[in-house]
Amino acid sequence: MRILLVEDHVELSRWLSKALRDAHLTVECAMNGADADALLHTQEYALVILDLTLPKMDGLDVLKRMRARGSKAPVLILTARGGLHERVQGLNLGADDYLAKPFELEELEARVKALLRRSQGNEAVTLSCGALSFDTVTRLFSYDAAALSLTPREHAVLEALITRRGQAVSKEKLFDEVFALDDEANLDAIEIYIHRLRKKLEAVSAGSVAITTLRGIGYLLEVR
């Protein structure tokens with residue numbers, strides 16, 4: 001899942017980006033409100049983490065403009081402006097949650113996971129394809145209850161497939177969800193991760209859960 005982190009404090013942005021990537025999320029960063037507004041105008045994100053005090057455009061203005069364009073992406077406001085007025089104003093403009101600085105990383109991760117789960121409309125916290133399972137709370141994959149070891153990019157590809165299990169997912173869609181705009185990669189990289197995932201799934205499932213290529217359409221995670 002691709003997240004937009006809008007934070008102008010360089011060190012905090014780097015720290016949060018690493019923590020979110022370690023949680024198997026794809027993160028893009030904007031360092032000012034104008035850049036964030038431009039990205040939100042052209043890109044789709046599963047979640048926006050938004051500071052309020054930003055150069056070039058205030059965070060509340062970014063939020064107001066994205067909601068005016070009809071974006072329904074959940075927004076977590078993360079800011080040192082923790083007064084009641086700012087909280088109420090942000091929530092009235094369409095923010096979904098509010099976390100004041102300083103904060104504990106564990107609380108941020110819990111709120112992010114809750115917002116993502118809610119936005120997907122998943123009441124159940126476990127997605128399955130045969131004996132392959134994905135826990136949307138812990139964000140861990142397992143096969144027959146045994147943990148499946150995946151790299152962050154492998155995890156992102158498999159998550160995109162299992163959340164759309166039974167549907168074909170195009171290479172372009174996978175690329176958008178796995179790579180950030182500033183990553184140096186091309187569409188062929190998806191084939192590499194699909195190949196690696198096939199080997200890992202074959203090793204644990206003996207072919208009972210597999211990724212099928214539908215030429216000209218995309219990839220399908222299915223039980224055989």
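**The largest pocket**

The largest pocket of this predicted model has a volume of about 670 Å³. A pocket is an open set of points on a 1 Å grid over the protein atoms alone, with protein on both sides within 12 Å along at least five of seven lines. The volume is the space filled by probe spheres set on the points, which are joined across faces, edges and corners.

The lining of the largest pocket comprises 26 residues, and E44, Y45, A46, K173 and E177 lie nearest its centre; lining residues have an atom within 4 Å of a point. Two or more lining residues come from each of α2 (33–42), α5, α6 (152–162) and α7 (171–178). The most is given by α7, with three residues. Helices are DSSP runs of H or I with at least four residues, strands are runs of E with at least two, and both are numbered from the N terminus. By residue class, the lining divides into nine nonpolar, seven polar and 10 charged. Here Ala, Val, Leu, Ile, Met, Phe, Trp, Tyr, Cys and Pro count as nonpolar, Asp, Glu, Lys and Arg as charged, and the others, Gly among them, as polar.

**Cavities**

Two cavities of 30 Å³ or more are found in the whole structure; a cavity is a set of points where a 1.4 Å probe fits but cannot get out. The second largest cavity holds about 50 Å³ of space. Its lining consists of L20, A23, L25, E109, V112, K113, L116 and R139, with the largest share, four residues, from α5. This lining has five nonpolar, no polar and three charged residues.

**Aromatic rings**

R2 lies over the face of Y45, at 4.8 Å from the ring centre. The criterion is that NZ of Lys or CZ of Arg is within 6 Å of the ring centre and within 35 degrees of the ring normal.

Two aromatic pairs are present. In one of them, W15 and F103 are tilted, at 6.3 Å centre to centre and 35° between the planes. Rings of Phe, Tyr and Trp (its six-membered ring) pair if their centres lie within 6.5 Å; planes under 30 degrees apart count as stacked, over 60 as edge-to-face and the rest as tilted. Because W15 lies in helix α1 (residues 10–22) and F103 in the loop between β5 (97–100) and α5 (105–119), the pair ties together parts that are 88 residues apart in sequence. W15 is partly exposed, at 42% relative accessible area, whereas F103 is buried, at 15%. Buried means under 20%, exposed over 50% and partly exposed in between (1.4 Å probe, protein chains only).

**Basis of the values**

Residues are numbered from 1 along each chain as its sequence is written, and side-chain values use heavy atoms, with hydrogens and water left out. In this predicted model, local features need pLDDT of at least 70 and side-chain atom pairs count only at pLDDT 80 or more, while totals for chains, interfaces and linings use all residues.
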